[in-house]
Amino acid sequence: MGSILCHLPLLPHDGVPMISPVPKADIPNPADGQIVMVKDDIWWIRMPLPFRLNHVNLYVLRAQDGLTVIDTGIYSKQTGDIWQRLLLAAPFTDYAIRRILITHHHPDHIGYAADLAEMTGAEVLMSQIEYEKSNLLTKMDDDAFANMMFSRYQGYGLGDDALSALTERGNHYREKIEELGAVRYIAAGDTLSGLHGDWQLRCDRGHSDDHIGIYDPARRIFLSGDFLLPRITPNIASPLGSSPDDMLGHYFGYLADMLTWGDDWLVLPGHDWAFHAVSTRAGNLITHHQDRLTQLLDRADQGPITVKDAMDTLFAMELNEHERYFASGEAHAHLYHLVQQKAMIAETASDGVTRYHLA
Ligand SMILES: [Zn+2]
C-alpha cells in the first residue's frame with residue numbers, strides 16, 4: 001500500500017524552469033526527531049516522515065497558561081516514540097500542553113493529533129471545514145474511497161493501469177491518521193494567546209480547503225503551514241469528496257496577498273527551512289503556475305486535451321501511483337482554472353472522459 005503526501009516536489013521536465021528555493025533564515029534547523037528553541041516562546045520540531053518528502057515541521061508556542069502545539073506528524077509508531085521522548089524534556093517538562101492546533105487535514109499534520117491529545121489532555125483546535133473533510137475521508141471504507149478515485153480518474157482519461165491500481169490501494173488517507181474525537185473550531189480572525197501578545201489566525205483555500213496560518217504582525221513572524229514553502233510548490237488539486245472548485249484561483253488570491261507582505265518576515269513553514277522572503281517566494285510561485293497555464297494553452301492549441309494529456313505536458317516522466325495522484329490533481333486544477341477564466345471549455349463525452357478545448 002502506498003501513502004499520501006501533500007506535496008508534489010517539482011518534477012524535472014524539459015522546458016519548465018525549476019523554481020529556485022529562497023535562502024534560509026539564520027536560525028538553527030532541528031535534526032530529525034529533535035526540538036530547538038527559536039525564540040523564548042517558540043520551539044521547532046522536525047518530525048520524520050517515511051516518504052520522499054521526509055519530514056514535517058511542527059511548532060510549539062508558549063502562552064501565559066502553557067503551550068500550544070502546531071501540528072503533530074503522521075500516525076505511526078515512530079511518531080509516537082518521538083513524542084514520548086520529547087515530552088520528557090523542556091519545554092514540555094516546564095509547561096503543560098494546553099492546545100493542539102491543526103493547520104489542515106493532511107495526514108502529516110493531523111495524523112497523530114488524537115493520540116497526542118490523549119497523552120497530554122490538551123484540546124484540539126481546527127477549522128470546521130478541515131475537521132469535516134478529515135472525518136469524511138477517514139470514515140470511507142476502502143471500496144468507497146476507491147470508487148471516488150475511480151470516477152475522478154475515469155473523467156481524467158487515465159488508463160486501465162491507473163484505475164486498477166486504485167482498487168489495490170484502497171483508502172490511503174486513513175492509513176496515516178487516527179480518528180479525532182471532539183475538537184474546538186477556530187476560524188479566520190480568531191486569535192491565539194501568546195507570551196508576547198496575541199497571534200492572529202487566517203484561513204486560506206488552495207493547497208487544502210480551509211488551512212490555518214498563524215502570524216504575529218508586531219514581530220513579523222508567520223507560521224505559514226503548507227501554503228508558503230521555501231523549496232517545493234504546494235500541491236494544488238481539486239478537493240477530494242466535494243464538488244470541483246477553482247483551487248488554483250484561490251491560491252493565486254493567497255499569493256497576491258503575500259506579494260504585499262514584504263521580505264522581512266520570519267517564516268516558519270510546514271516543510272524545509274525557515275526563511276524571510278515572503279513576497280519573493282509568492283511572486284516566484286505565481287510565475288510558476290502562470291507558466292504551466294501557458295503550456296496547457298499551447299498544447300490545447302493543437303486540439304482538445306484530457307487531464308491525462310495535461311499531466312504528460314506538465315510532468316513528462318514515468319509516475320508511480322503515489323505521484324500520479326498528485327500530478328493528476330495538479331493538472332486538473334490548472335485546466336479547471338482555465339475554464340473558470342473562460343480561456344477553455346470543458347466537455348464530457350459519452351465515454352465519461354472530460355476534454356478541454358480553447359474557448
Ligand atoms: Zn498539506
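Are Tyr-215 and Trp-261 buried or exposed? Both Tyr-215 and Trp-261 are buried, where buried means under 20% relative accessible area, exposed means over 50%, and partly exposed lies in between (1.4 Å probe, protein chains only). The model is a predicted one, in which local features need pLDDT of at least 70 and side-chain atom pairs count only at pLDDT 80 or more, while totals for chains, interfaces and linings use all residues. Residues are numbered from 1 along each chain as its sequence is written, and side-chain values use heavy atoms, with hydrogens and water left out.

A pair of aromatic rings is described by the distance of the centres and the angle of the planes. Rings of Phe, Tyr and Trp (its six-membered ring) pair if their centres lie within 6.5 Å; planes under 30 degrees apart count as stacked, over 60 as edge-to-face and the rest as tilted. By this rule there are 15 aromatic pairs. One of them joins Tyr-215 and Trp-261, a tilted pair with 5.4 Å centre to centre and 55° between the planes. This pair links distant parts of the chain, with Tyr-215 in strand β10 and Trp-261 in the loop between α7 and β12 (266-269), 46 residues apart. Helices (H or I, at least four residues) and strands (E, at least two) are DSSP runs, numbered from the N terminus. Another pair, Phe-227 with Tyr-251, is edge-to-face, at 5.8 Å centre to centre and 75° between the planes. Here too, distant parts of the chain are linked: Phe-227 belongs to the loop between β11 and α7, and Tyr-251 to helix α7, 24 residues apart. Phe-227 and Tyr-251 are both buried. Ring pairs also link Tyr-215, Phe-222, Trp-261 and Trp-265 into a cluster.

The expected span of a helix is 1.5 Å times one less than its number of residues. The buried residues in α7 are Met-247, Leu-248, Tyr-251, Phe-252, Tyr-254, Leu-255 and Met-258. Because they cover an arc of only 160° around the axis, they lie on the same side of α7; the arc is that of the directions from the helix axis to the C-beta atoms. An α-helix has 3.6 residues a turn, so residues three or four places apart point the same way. The cover over the buried residues of α7 includes β9 (199-204), β11 (221-225), α8 (278-300) and α10 (321-340).

With 12 residues, α4 reaches 16 Å from its first C-alpha to its last, close to the 16 Å expected at 1.5 Å a residue. Glu-130, Tyr-131, Lys-133, Ser-134, Asn-135, Leu-137 and Thr-138 are buried in α4. These buried residues pack against α2 (107-110), β6 (123-126), α5 (142-156), β7 (184-185) and β10. At the start of α4, a side-chain oxygen of Ser-127 comes within 3.2 Å of the backbone nitrogen of Ile-129. A polar contact is a pair of N or O atoms within 3.5 Å; within protein, one must be able to donate a hydrogen and the other to accept it, and residues adjacent in sequence count only if both atoms are side-chain atoms.

Strand β10 (residues 211-216) contains His-211, which is buried with a relative accessible area of 1%. A polar atom of the His-211 side chain lies 3.1 Å from the backbone nitrogen of Asp-226. Beyond neighbours within four places in sequence, the contacts of His-211 (heavy atoms within 4.5 Å) include Glu-130, Arg-202, Asp-226 and Phe-227.

Some backbone features complete the picture. Most residues other than glycine have a negative phi, and most peptide bonds are trans. Ala-90 and Pro-91, however, are joined by a cis peptide bond, with omega about 5°. Pro-91 sits in the loop between α1 (77-86) and β5 (97-101). Asp-272, though not a glycine, has a positive phi of about 65°. Asp-272 lies in the loop between β12 and α8 and is buried, with a relative accessible area of 7%. Lys-342 also has a positive phi, near 65°. Lys-342 is found in the loop between α10 and β13 (344-348) and is exposed, at a relative accessible area of 68%.
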